Amino acid sequence: MLGPPSLTEESLDQVLSDLNKLIGMDNIKKEVETLINFLKVQKLRMEKGMAQTPVSLHAVFCGPPGTGKTTVARQLGKIYKDLGFLSKGHLVETDRAGIVAGYVGQTALKVDELVNSALDGVLFIDEAYALKPEGSGSDFGQEAIDVLLKRMEDNRDRLVVIVAGYTEEMQRFIEANPGLKSRFNRYFNFDHYNPAELVAIAEKFCKSGDYVLTAGAKEKLKTVFDALYAKRDRTFGNGRLVRNIFEKIIERQCNRIAHIAPLTHEILTTLTDDDIPAV
């Protein structure tokens with residue numbers, strides 16, 4: 001997969017800077033740094049004509065929704081491009097609905113079309129375990145897996161596949177398919193965001209939207225996230241939950257200020273504790 005890098009070393013620094021600016025995910029950041037160091041050394045060994053350790057860029061992203069899996073996949077594509085392992089490094093996202101068709105032969109065509117669009121970049125399959133649900137027997141999902149594995153082999157120098165989903169389901173999915181198990185040996189484990197991290201994500205939404213939380217609003221928001229986090233289950237929405245709550249906050253603020261005149265810059269940008277919805 002090695003080729004001439006198409007970005008500068010500064011670009012890699014920028015990608016790493018963007019990655020490190022993400023809230024939380026300390027273990028993921030360390031794993032990515034380890035991967036980069038490994039790839040850099042293997043590349044140097046190849047350039048010196050030395051024996052190389054086999055390099056597999058495919059990965060399994062395990063964890064609940066809303067924890068940044070797609071974002072990290074996109075950053076990995078940029079990293080692979082910068083290091084010369086992929087010429088484009090773009091990300092193509094899909095799931096079972098985008099891969100599996102309802103008619104014989106159609107699934108293979110859909111997989112081929114997706115792979116062709118992802119060549120020289122990364123194909124990201126979310127909730128990949130849905131391709132082969134437990135106890136499903138033989139269906140078009142298995143056809144999709146078989147075609148995907150063949151394309152991964154035929155285009156091993158031009159295609160990186162990242163499969164993602166809940167930890168237990170992904171482990172079962174990989175273990176139940178020998179062809180997958182032999183190709184996916186790099187795992188990244190994404191954890192739930194804690195309440196402080198959820199507040200930090202909300203503050204990023206505020207900053208990008210030109211809003212400011214008052215001290216009281218921030219404290220109430222922390223209380224809301226504490227309560228939601230305490231009763232979380234594996235479907236806990238994490239970043240998606242924060243976005244949904246942020247949208248509700250904005251709606252409540254609009255209702256609060258709609259009849260105020262004049263609407264000053266301060267009024268338009270300030271979010272108070274009255275705007276924070278109860279749990």
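**A loop to start with**

Select D120, which sits in the loop between helix 5 and strand 3. Helices (H or I, at least four residues) and strands (E, at least two) are DSSP runs, numbered from the N terminus. Check the backbone there: D120 is not a glycine, yet its phi is positive, about 70°.

Some housekeeping before moving on. This is a predicted model, where local features need pLDDT of at least 70 and side-chain atom pairs count only at pLDDT 80 or more, while totals for chains, interfaces and linings use all residues. Residues are numbered from 1 along each chain as its sequence is written, and side-chain values use heavy atoms, with hydrogens and water left out.

**Two domains**

Colour 9-189 as domain 1 and 195-275 as domain 2; these bounds come from an automatic or database domain assignment. Their C-alpha centres are 34 Å apart. Ten residues of domain 1 and eleven residues of domain 2 take part in the contact, where contact means heavy atoms within 4.5 Å.

How much area do domain 1 and domain 2 bury between them? About 840 Å², with 52% of it on carbon and sulfur atoms. Buried area here is the accessible area (1.4 Å probe) that two parts lose on being put together, summed over both.

Between domain 1 and domain 2 the count is one salt bridge, meaning a side-chain nitrogen of Lys or Arg within 4 Å of a carboxyl oxygen of Asp or Glu.

**The pocket**

Now show the largest pocket, which holds about 610 Å³ of space. Grid points are joined across faces, edges and corners, and a volume is the space filled by probe spheres set on the points.

To centre the view, pick G66, T67, G68, G239 and R240, the closest to the pocket's centre of its 26 lining residues. Helix 3 (69-82), helix 9 (195-208) and helix 11 (239-257) are the elements giving two or more residues to this lining, and helix 9 has the largest share, with four. Because both domain 1 and domain 2 give residues to the lining, the largest pocket lies between them.

Colour the lining by class and you get eleven nonpolar, nine polar and six charged residues. Ala, Val, Leu, Ile, Met, Phe, Trp, Tyr, Cys and Pro count as nonpolar, Asp, Glu, Lys and Arg as charged, and the others, Gly among them, as polar.

**The cavity**

Next, select I99, V111, L114, L123, I125, L131, A144 and L148, which line the largest cavity. Its volume is about 40 Å³. By class that lining is eight nonpolar, no polar and no charged residues.

**Salt bridges and a cis bond**

The salt-bridge count comes to eleven. Then show R183 and E153, a salt bridge at 3.7 Å, N to O. R183 is in helix 8 (residues 178-183) and E153 in helix 6 (residues 140-154), so this pair ties together parts that are 30 residues apart in sequence.

Last stop: the peptide bond from A261 to P262 is cis, with omega near -5°. You'll find P262 in the loop between helix 11 and helix 12 (265-269).

Notes:
1 Å grid on protein atoms, 1.4 Å probe; cavity = no way out; pocket = protein on both sides within 12 Å on 5 of 7 lines; lining within 4 Å.
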